[in-house]
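This report describes parts of one protein model in plain terms. Look at the sequence and the structure first, then read on.

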Amino acid sequence: MFLKSKWFQLGIAVLLGIIVMLIPRPEGTKYNIVGDKEQSLAQNVSEHFVIAPQKIKKEGEYFLERKDINAKNFDAKFLEKKLAELNLPKVQLEYVNGLSPKAMRFLAVLVVLIFLFVAEPIPLEITAICIAVSLVLTGITDVKNAWAPYMHPVVVFIMCCLIFAIALDKAGLTRRLGFFITKKAGTSVVRFTFFISIGLGIASSVMHDAAACAIGIATMLPLMRAAGIEPYSNTGKFMMLSLPFACSCGGMGTLIGGGRCMVSAAFLKEFTGGKYELSFFDWMLYAFPAAVLTVPIAVLIIYFVFRPNASKYQLPKFEEEIGPWTALEKKTLVIIVISFALWLTKGVHGLDYSITGMLGVASLVLFGIFKWEDINENLEWGTALFIFGGGLSLGLAMERSGAATYFANLFFPLVEGSGWLVLFISVAIFGALVTNAMANVAAAALILPIVIPMALLEGINPTIMALCLGMATSFAMLLVIGCPPNAIAYSYKYFKSSDLTKAGAIATPILITVLVVVASIWWKILGLV
């Protein structure tokens with residue numbers, strides 16, 4: 001009992017942070033100099049430093065490496081002092097194979113927050129608020145950058161998905177969808193969950209995974225309540241976790257399934273000078289079979305982790321026919337379909353998801369689908385604003401502090417020269433882990449500049465790495481803040497944060513193995529590997 005007390009767990013969290021701060025900080029020997037076109041700094045420190053070769057060269061950017069690795073006096077402070085003497089205030093210095101003091105503080109904060117997210121001694125919304133507070137108090141970022149992600153466009157987009165789910169429920173469309181699925185699946189909670197999760201999981205290949213998850217939960221929730229399925233029961237956990245895991249997996253199926261796919265394809269083209277490119281059809285050809293496999297496997301894993309009590313719970317039967325479509329249902333469906341179409345055609349009109357989504361929300365109110373009071377009463381503000389916004393703030397700080405760069409530069413050279421399969425597995429594992437704490441777009445921006453040149457130097461098709469990263473970052477299943485579907489499902493309070501972590505810890509290695517099998521067999525047949 002004592003071990004589960006709030007104050008004991010908070011004490012453990014603080015202790016973990018202190019332990020991280022007591023670990024000796026690796027200074028490293030290599031630094032990235034940005035904004036020094038004339039290489040003035042390099043010329044002034046040539047006695048102790050040499051310009052190291054770079055795999056990707058940018059104007060005004062170069063690596064300085066210490067000649068004598070034991071000469072610890074010639075560190076970042078020495079270089080910063082030289083920059084001040086040379087009056088080069090715009091030139092930036094970044095650690096490459098070492099951790100800056102800021103990155104070290106970030107890791108301490110990260111360890112504390114991850115413990116709080118998993119153990120949940122205080123509400124996650126409060127933990128999420130503490131993210132920005134901690135980042136500012138430890139000097140990792142300033143106030144503006146700490147709070148700005150709490151109203152990031154992605155946060156607004158999640159709100160739109162949750163509001164659309166409220167509208168679908170209000171108009172009765174979720175009842176109609178539930179009627180359709182129970183007609184096919186019967187009253188079994190297991191069959192119903194498999195039907196809806198796999199169906200919406202595959203649909204996530206061509207629609208945003210957050211929207212698919214929100215629709216699925218809005219359909220499922222009234223039936224769960226009618227069946228008397230309690231929050232935190234195994235049956236409730238099985239139903240509520242199957243959807244976000246399935247929708248996350250399905251998002252890898254096509255380029256438009258998630259921003260991670262688009263970004264990976266874009267970075268592949270940019271970092272190879274346009275020599276390698278992935279079209280919509282290419283991506284679908286390589287990745288869709290993996291989506292089709294991983295979606296049901298993810299649901300099956302949740303089934304075995306949280307065995308539902310199928311004999312105790314039965315979904316209600318629809319004794320009467322659902323009847324013809326009402327005017328309210330038609331209006332709601334038209335507005336939401338138009339919103340989805342605008343999301344799918346973002347590349348054509350250029351309007352962000354949050355803008356077109358909020359246009360849809362405004363239309364729902366203007367056409368009388370519901371009132372503002374309905375949104376205010378039913379929307380889980382804390383999930384979107386604080387939990388996911390806090391997660392974004394943490395991820396951006398991870399990127400800016402240099403902590404993620406340090407681990408990427410430490411990890412990937414270890415597998416250099418080991419062939420495409422080892423590099424593939426390394427990228428998949430690193431990508432799946434890091435995307436739990438930072439946005440998958442940022443993960444792609446961090447990892448691909450390192451692994452694409454490595455692949456080119458080893459004669460490996462870099463397309464493999466871009467596909468691998470885009471697909472593996474679909475497995476953000478360890479933390480509630482990992483991806484929007486996790487946060488949306490958590491907002492209904494049918495499972496604890498630690499339940500998601502438990503399921504994710506089992507699902508992630510299995511799903512990565514499926515990716516490896518698909519790459520080894522399917523991509524070999526296609527001649528990619």
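## Terms and basis

Two strands pair if DSSP finds at least two bridges between them. Helices (H or I, at least four residues) and strands (E, at least two) are DSSP runs, numbered from the N terminus.

The model is predicted: local features need pLDDT of at least 70, side-chain atom pairs count only at pLDDT 80 or more, and totals for chains, interfaces and linings use all residues. Residues are numbered from 1 along each chain as its sequence is written, and side-chain values use heavy atoms, with hydrogens and water left out.

Strand β1 (residues 30-34) pairs with strand β3 (residues 61-66) in the antiparallel sense, over five bridges. Within this pair, Lys30 is opposite Glu65, Asn32 has Phe63 as its bridge partner, and Ile33 is opposite Tyr62. β1 also pairs with β4, again in the antiparallel sense, over four bridges; here Val34 faces Gln92 of β4. β3 is joined to β2 by four bridges, also antiparallel, and Ala52 stands opposite Phe63 of β3.

Together, four strands make an open antiparallel sheet in the order β2-β3-β1-β4. β2 (49-52) and β4 (92-95) are at the edges with a single partner strand each, so one side of each has no neighbour in the sheet. On average, neighbouring strands are turned by 35° against each other, direction ignored. Axes here are lines fitted to C-alpha atoms, for helices over the stretch in contact, and angles run from 0 to 180 degrees between N-to-C directions.

Helix α3 (residues 76-85) lies across β1, β2, β3 and β4 and runs at about 170° to β4.

## Two packed helices

Helix α8 (residues 173-185) packs against helix α10 (residues 209-226) at an angle of about 80°, and their axes are 9 Å apart. The two are therefore roughly perpendicular, a label for angles of 65 to 115 degrees.

Contact means heavy atoms within 4.5 Å. From α8, Thr174, Leu177, Gly178 and Thr182 meet Ile215, Ala218, Thr219 and Leu223 of α10. These contact residues divide into four nonpolar, four polar and no charged. Ala, Val, Leu, Ile, Met, Phe, Trp, Tyr, Cys and Pro count as nonpolar, Asp, Glu, Lys and Arg as charged, and the others, Gly among them, as polar.

## The largest pocket

A pocket is an open set of points on a 1 Å grid over the protein atoms alone, where a 1.4 Å probe fits, with protein on both sides within 12 Å along at least five of seven lines; lining residues have an atom within 4 Å of a point. The largest pocket holds about 1,400 Å³ of space, a volume being the space filled by probe spheres set on the points.

Its lining has 44 residues, and Asn32, Phe63, Glu94, Thr405 and Asn409 lie nearest the centre. The lining divides into 19 nonpolar, 10 polar and 15 charged residues. Helix α21 (residues 440-457) gives the most to it, with five residues.

Note on methods. Parallel < 35°, antiparallel > 145°, perpendicular 65-115°, else oblique.
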